[in-house]
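This report looks at backbone, strands, cores and surface in turn. Please read it beside the sequence and the coordinates.

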Amino acid sequence: MSNLPIVIVEWDDAHSDPGSWLTLEEIEQEPCRVSTVGLLITSAKPDHVVVAQSVHSLGQDDFEPHYDSLICIPVGMVRSMRVVSQSGAAPLFRCAPSGQA
């Protein structure tokens with residue numbers, strides 16, 4: 001399976017005001033800033049930063065990876081992106097197989 005960098009993406013999300021009548025002065029003026037952490041999937045969708053929560057290859061190195069919980073953020077909404085773990089970096093911890101400690 002390919003090694004993917006882990007990133008933190010700061011971006012401005014689209015949002016709506018409460019479902020009630022408002023005056024123009026009552027509209028929220030601050031952006032809805034969001035932080036997303038996950039695996040960066042490059043070249044997945046033009047003009048978007050694509051981040052996955054999980055990836056697997058069914059235990060086969062030559063199997064095409066499958067991704068879970070993708071979020072596709074338009075590049076115009078991205079305020080910053082920081083790599084927190086380069087590809088190939090050692091994991092923070094290792095889980096023992098079931099039944100082993």
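## Loop residues with positive phi

Asp47 counts as exposed because its relative accessible area is 59%, where exposed means over 50%, buried under 20% and partly exposed in between, computed with a 1.4 Å probe and protein chains only. This residue is found in the loop between S2 and S3, and Asp47 has a positive phi of about 60° although it is not a glycine. The model is predicted, so that local features need pLDDT of at least 70 and side-chain atom pairs count only at pLDDT 80 or more, while totals for chains, interfaces and linings use all residues. Residues are numbered from 1 along each chain as its sequence is written, and side-chain values use heavy atoms, with hydrogens and water left out.

Ser69 likewise is not a glycine and has a positive phi, of about 55°. Ser69 is placed in the loop between strand S5 (66–68) and S6, and it counts as partly exposed because its relative accessibility is 41%.

## Strands and their pairing

The secondary structure comes to 0 helices and 7 strands, with helices (H or I, at least four residues) and strands (E, at least two) taken as DSSP runs and numbered from the N terminus. Read along the sequence, the pattern is β-β-β-β-β-β-β. Among contacts between residues at least 6 apart in sequence, 61% join residues at least 24 apart, a contact being heavy atoms within 4.5 Å.

S1 and S2 pair in the antiparallel sense over 8 bridges, where two strands pair if DSSP finds at least two bridges between them. In this pairing, Asp12 stands opposite Arg33 in S2, and Trp11 stands opposite Val34 in S2. S1 also runs antiparallel to S7, to which 6 bridges join it, and here Trp11 stands opposite Val78 in S7. S2 and S3 pair in the antiparallel sense over 3 bridges, with Ile41 opposite Val50 in S3; these two strands form a hairpin with 6 residues between them, and Ser43 in the turn has a positive phi of about 60°.

## Nonpolar cores

Which residues make up the largest nonpolar core? It has 8 residues, namely Val7, Val9, Trp11, Leu40, Val49, Val51, Ile73 and Val78, a nonpolar core being a set of buried Ala, Val, Leu, Ile, Met, Phe, Trp, Tyr and Cys residues joined through side-chain atoms within 4.5 Å. Strand S1 (6–13) and strand S3 (48–52) each supply at least two residues of this core, and S1 gives the most to it, with 3 residues. A second, separate core of 5 residues includes Leu4, Leu39, Ile41 and Ala52.

Leu40, a member of the largest core, is in contact with Leu4, Pro5, Val7, Val49, Val50 and Met81, when its neighbours within four places in sequence are left aside. In soluble globular proteins, nonpolar side chains tend to be buried together. Over the whole protein, 19% of the 101 residues count as buried.

The protein exposes about 7800 Å², of which carbon and sulfur atoms supply 53%; accessible areas come from the Shrake-Rupley method with a 1.4 Å probe, and for residues only the protein chains shown count as cover. Ile6, Val37 and Val84 form a nonpolar patch on the surface, with about 230 Å² of accessible area together. Patches are made of residues with over 30% relative accessible area and no salt bridge, in which like charges are joined within 9 Å and nonpolar side chains (Val, Leu, Ile, Met, Phe, Trp, Tyr) within 5 Å; a salt bridge is a side-chain nitrogen of Lys or Arg within 4 Å of a carboxyl oxygen of Asp or Glu. Val37 has its place in strand S2 (residues 32–41) and counts as exposed because its relative accessibility is 54%.

Val75 lies in the loop between strand S6 (71–74) and strand S7 (78–85), and it counts as partly exposed because its relative accessibility is 45%. Val75 and Val50 are 25 residues apart in sequence and 9.6 Å apart in space, C-alpha to C-alpha.
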